[in-house]
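Reader: I've got the model open and would like to learn how to read a pocket and a helix crossing. Can we start with the pocket?

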Amino acid sequence: MSLTTQEKRTLLEQVPLFRGCSSEVLDQLAAATTEFEFAAEAAIALGRLYDPRSRSLLQQLVASEDPSIRVRAALSLGRLRDPASLPGLIDALQTAPTEWDRNDAIRLLGRLGDDRAIEPLMDQLPISKGRYLVMVALGQLKDPRVFEPLADALSRESHTIVLDA
């Protein structure tokens, strides 16, 4: 079944209502990813489903040449705690189209707990507007290599940030 443009927009807006969705809804979202106009939105929607069936489609979208599609697919994979999201999340630190997407990538890198995220996150400490998020993400990694740089960065931050990290 092919959807009209308006039906696709309605579907994408209503995705949070579809957790545990049917194969039909997933198929409709998959079809939306093939159209450039809807691909980034569909990648976000697939992540909001928290449905493991969307992983393979999101992994394909991470390879997109369009940074908006690529970043949003990586963020969605990260929400599924898929280790395949790591390279895309690291890429999102530099290429995310919005600060919101970049901050999301930082949070998700911390949640993944993969020590390959240490260097890219530490590179963000001196330049990041969201230093707080970077420090918390590094703290979540619980790797001894982050303690000294994290302690140094925390010594210059507010008491609240120190407690959270």
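Author: Helices here are DSSP runs (H or I, at least four residues), numbered from the N terminus. This is a predicted model, where local features need pLDDT of at least 70, side-chain atom pairs count only at pLDDT 80 or more, and totals for chains, interfaces and linings use all residues. Residues are numbered from 1 along each chain as its sequence is written, and side-chain values use heavy atoms, with hydrogens and water left out.

Reader: What counts as a pocket, and which residues line the largest pocket?

Author: On a 1 Å grid over the protein atoms alone, a pocket is an open set of points where a 1.4 Å probe fits, with protein on both sides within 12 Å along at least five of seven lines; lining residues have an atom within 4 Å of a point. In this model, Ile44, Arg48, Tyr50, Arg72, Leu75, Arg79, Trp100, Asp101, Asp104, Leu108 and Arg111 line the largest pocket. Helix H3 (36-49), H5 and H7 are the elements that give two or more residues to this lining.

Reader: At what angle do the axes of H5 and H7 cross?

Author: Axes are lines fitted to C-alpha atoms, for helices over the stretch in contact, and angles run from 0 to 180 degrees between N-to-C directions. Here H5 (residues 67-79) and H7 (residues 99-112) cross at roughly 30°, their axes coming within 10 Å. Val71, Arg72, Leu75, Gly78 and Arg79 of H5 make the contact (heavy atoms within 4.5 Å) with Asp101, Asp104, Ala105 and Leu108 of H7.

Reader: And H6 against H7?

Author: H6 (residues 86-95) packs with H7 at about 140°, axes 8 Å apart.
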